[in-house]
Amino acid sequence: MNRKFLIYAFAAFVIASMAVSCNSDDDYETEEYVPSSNVAITSFSLGANSKILANLDSVHFTIDLERALIYNADSLPKGTDVSRMLVNLQSGGANVEVNVKNGTRISADTTFTYSNADSIDFTGDVHIIVTAADEVTKRTYTVKVNVHEMLPDSLCWNRLARRDLPSIGGRVLEQRTVKYQGKAYCLMNEGDGYTLASIDNPGNNVWSKQELALGFTPDLRSLTATDDAAYILDTEGNLYSSHNLTSWQPCGTAWKVITCGYAGTALGVAQSDGGVLKHVAYPAIEGAEVPVEPTFPLTGTSDMVMIDSQWNLAPVGIVTGGTDASGRVTGNTWGFDGSRWAKISEFAIPPHTGMVMVPYTTFAVASNWTVTEYPTLVAFGGQLPDGTPDNTLYISRDNGVNWNRGDSLLQLPDYIERVACADAVVFSSTLSVDSRSAIGDDEWTWMPAIGLPVWYSVLTGVPASRATQPVQEWECPYIYVFGGVNATGTLSNNVWRGVINRLTFKPIY
């Protein structure tokens, strides 16, 4: 029976809440400073100028009257020219002046009376002085127009962050890396033996390594992890299991391939005595042992990604790409719902085998400069049907139903070698406001980003977010890519770390 999975896009939620409070006449009895409304700036925006940036007047600015700060918490795109900006503001003052120092456009420091027809050079230090009608009460505001120092939505692979595979002898012939019970395990064939390296988080680059005496010759690339065990085939097709990846026990069955791990079960394909290929599972799943569909990919699929959705009774595990029993390469995505497989992709990736696929996050910036975060499947690497390795990156925001080529900011750089059959895992590291990882990974070079201020309310004492304290630390997910085989069949002795730059920025709530 053919079944179709109804998998829909994840809902993307944008949280942007502003809280406004009013001070009473009794506020003078407290120790808090309350600025007079006669010198308060009540609105601030940039003037429209499509030659600089589309919808420039839609950029949101925060007015912090307590600290006399005005700034855009979400920075303008890298390279935005802020040397000639028009400003629209309203205040309760009788006179408003603009003071600019150290600007790049003007040759001398200057102070002039504010007019929305006069441009301001925000490359310098800009202050706005508001004077009340009594000509005595004044308030000076510091104004910042923040601009990103890097392309925020690009997928960055820092050259300095490259590492060798965590071998003992340094000469790796074959490797397979999986994520199991929150740790990364890298099993390597070093020619004269097998090495297992493990780590809590690849970001700290401190691996535990040991030589293994397996007692059988493993099909290394068949290594697969489930929720509670790891599985591997030997070169004869016999299935073995392990709970620690060091000691292995035979399962008493032989398979043609291990397809993937689903929850606590290994999924694969076996061949009956009559030569019929059938889906199998270990431990067995009632009703899952059915003939393999002719277009189902037997080899070269990505690792499985688990998708939880309100539209399904059970989580759906999906794989992408591979080669079917007839040798035909596919780019389709297949899903398993706990009992049956079905092809779920409507608009597939071009035919590839040996791709990596990971769950990640991408962003979309609307015309009014609001940023929406999307859970995204990211797939890249592998090789084309003619055997040519390919680094083209594809994304799906609807759980593998539709795939599109990622834009240029997401594509892998030329200095990363094109490989197939690499492995990718995602681990989060704790970043902090001092631009260093809190896990102590001095071995990796962190990409510094411009510090972004947290949002405050336009009036004293009310934070304009759900956070009661400024953000000091946050979790940042990194993609780690291990190994892969190049066009000559040689194993790549590389571990790369990638991240969407925006994820390294201090969050705005």
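**Figure 1. The largest nonpolar core of the predicted model has 41 residues**. A nonpolar core is a set of buried Ala, Val, Leu, Ile, Met, Phe, Trp, Tyr and Cys residues joined through side-chain atoms within 4.5 Å. Buried means a relative accessible area under 20%, with a 1.4 Å probe and protein chains only. Trp157, Phe380, Leu393 and Ile479 have the most contacts inside this core. Elements that give two or more residues to the core include strand S9 (155-157), strand S26 (371-380) and strand S30 (473-482). The most comes from S30, with seven residues. Strands are DSSP runs of E with at least two residues, and helices are DSSP runs of H or I with at least four, numbered from the N terminus.

This is a predicted model, in which local features need pLDDT of at least 70 and side-chain atom pairs count only at pLDDT 80 or more, while totals for chains, interfaces and linings use all residues. Residues are numbered from 1 along each chain as its sequence is written, and side-chain values use heavy atoms, with hydrogens and water left out.

**Figure 2. Surroundings of Ile479**. Leaving out residues up to four places away in sequence, Ile479 touches Trp157, Val358, Tyr360, Ala424, Val425, Val426, Trp496, Arg497 and Gly498. Contact means heavy atoms within 4.5 Å.

**Figure 3. A second, separate core of 32 residues**. Ile70, Phe122, Tyr141 and Val143 are among its members.

**Figure 4. An open sheet of four strands**. The strand order is S25-S26-S27-S28, and the pairing is antiparallel. Two strands pair if DSSP finds at least two bridges between them. Strand S25 (356-365) and strand S28 (404-405) are the edge strands, each pairing on one side only. Strand S27 (residues 394-396) pairs with S28 over two bridges. Tyr394 has Arg405 in S28 as its bridge partner.

**Figure 5. Thr330 in strand S23 (residues 329-336)**. Thr330 counts as buried because its relative accessible area is 11%. Apart from neighbours within four places in sequence, Thr330 is in contact with Pro297, Gly321, Gly322, Pro351 and His352. A polar atom of the Thr330 side chain lies 3.0 Å from the backbone nitrogen of Asn332.

**Figure 6. The protein chain, with zero helices and 31 strands**. Of its 509 residues, 51% count as buried. Among contacts between residues at least 6 apart in sequence, 59% join residues at least 24 apart.

Conventions
Buried < 20%, exposed > 50% of the residue type's maximum accessible area, 1.4 Å probe, protein only. Polar contact = N/O pair within 3.5 Å; in protein donor to acceptor, adjacent residues only side chain to side chain.
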